[in-house]
Amino acid sequence: MTVQNEAPETGVGEALEVWIDQDLCTGDGICAQYAPEVFELDIDGLAYVKSTDDELLQDTGATTPVPLPLLQDVVDSAKECPGDCIHVRRVADKVEVYGPDAE
């Protein structure tokens, strides 16, 4: 398992969004175990994000807001993902704060 560096702290209440790179998804479902309100495996065996209305978002690069109460679960999903395919970024400037491209 790859250990990722801790990302910079985000401001309290700062709007974040998450997306999954399906090309890298291994279909392990760890994300859906950590945050089933945000992630779901589809019939194709890959993980996708869900809208705030619980709709599966299957468009390439589709994003969904990260609810503050679920932030730690989403961050843990990104850290534990064997495919390194979960990206959490600030909405304001699109800078990745958690995930494989976080600085």
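Q: Which residues does Cys 31 touch, not counting residues up to four places away in sequence?
A: In this predicted model, Cys 31 touches Pro 36, Phe 39, Ala 47, Ser 77 and Ile 86. Cys 31 itself belongs to helix H1, which covers residues 30–34. For Cys 31 and Ala 47, 16 residues apart along the chain, the C-alpha atoms are separated by 7.8 Å.

Q: Why is Cys 31 called buried?
A: A residue is buried when its relative accessible area is under 20%. Cys 31 has a relative accessible area of 7%, and therefore counts as buried.

Q: With which residues is Ile 86 in contact, leaving aside its neighbours within four places in sequence?
A: The contacts of Ile 86 include Val 18, Trp 19, Ile 20, Cys 31 and Phe 39. Ser 77, Ala 78, Cys 81, Tyr 98, Gly 99 and Pro 100 are also in contact with Ile 86.

Q: What makes a set of residues a nonpolar core, and how many residues has the largest one here?
A: The members must be buried residues of the nonpolar kinds listed for a core, joined through side-chain atoms within 4.5 Å. The largest such core has 24 residues. Val 18, Phe 39, Val 74, Ile 86 and Val 88 have the most contacts inside it. At least two core residues come from each of strand S1 (16–20), strand S3 (47–50), helix H2 (71–80), strand S6 (86–90) and strand S7 (96–98). H2 gives the largest share, four residues. In soluble globular proteins, nonpolar side chains tend to be buried together.

Q: Where is Ser 51 found, and why does it count as buried?
A: Ser 51 is in the loop between S3 and strand S4 (56–57). Its relative accessibility is 15%, and the limit for a buried residue is under 20%, so Ser 51 counts as buried. Apart from residues up to four places away in sequence, Ser 51 touches Leu 57 and Thr 64.

Q: How do you know that Glu 14 and Arg 90 form a salt bridge?
A: The criterion is a side-chain nitrogen of Lys or Arg within 4 Å of a carboxyl oxygen of Asp or Glu. The closest N and O atoms of Glu 14 and Arg 90 are 3.7 Å apart, so the pair forms a salt bridge. Because Glu 14 lies in the segment before S1 and Arg 90 in strand S6, the pair ties together parts that are 76 residues apart in sequence. Glu 14 is partly exposed at 31% relative accessible area, whereas Arg 90 is buried at 17%.

Q: What makes Lys 94 and Glu 17 a salt bridge?
A: Their closest N and O atoms are 3.0 Å apart, and the limit is 4 Å, so Lys 94 and Glu 17 form a salt bridge. This pair links distant parts of the chain, with Lys 94 in the loop between S6 and S7 and Glu 17 in strand S1, 77 residues apart. Glu 17 has 8% relative accessibility and counts as buried.

Q: Why is Lys 94 called partly exposed?
A: Partly exposed lies between the buried limit of under 20% and the exposed limit of over 50%. Lys 94 has 46% relative accessibility, and therefore counts as partly exposed. Phi of Lys 94 is near 65 degrees, a positive value in a residue other than glycine. Most residues other than glycine have a negative phi.

Q: How many cavities of 30 Å³ or more does the structure hold?
A: The structure holds three cavities of that kind. About 90 Å³ of space lies in the largest cavity. Its lining has 15 residues, with Asp 28, Gly 29, Ile 30, Cys 31 and Cys 81 nearest its centre.

Definitions and conventions. Residues are numbered from 1 along each chain as its sequence is written. This is a predicted model: local features need pLDDT of at least 70, side-chain atom pairs count only at pLDDT 80 or more; totals for chains, interfaces and linings use all residues. Side-chain values use heavy atoms; hydrogens and water are left out. Buried means under 20% relative accessible area, exposed over 50%, partly exposed in between (1.4 Å probe, protein chains only). Contact means heavy atoms within 4.5 Å. On a 1 Å grid over the protein atoms alone, a cavity is a set of points where a 1.4 Å probe fits but cannot get out, and a pocket is an open set with protein on both sides within 12 Å along at least five of seven lines; lining residues have an atom within 4 Å of a point. Grid points are joined across faces, edges and corners, and a volume is the space filled by probe spheres set on the points.
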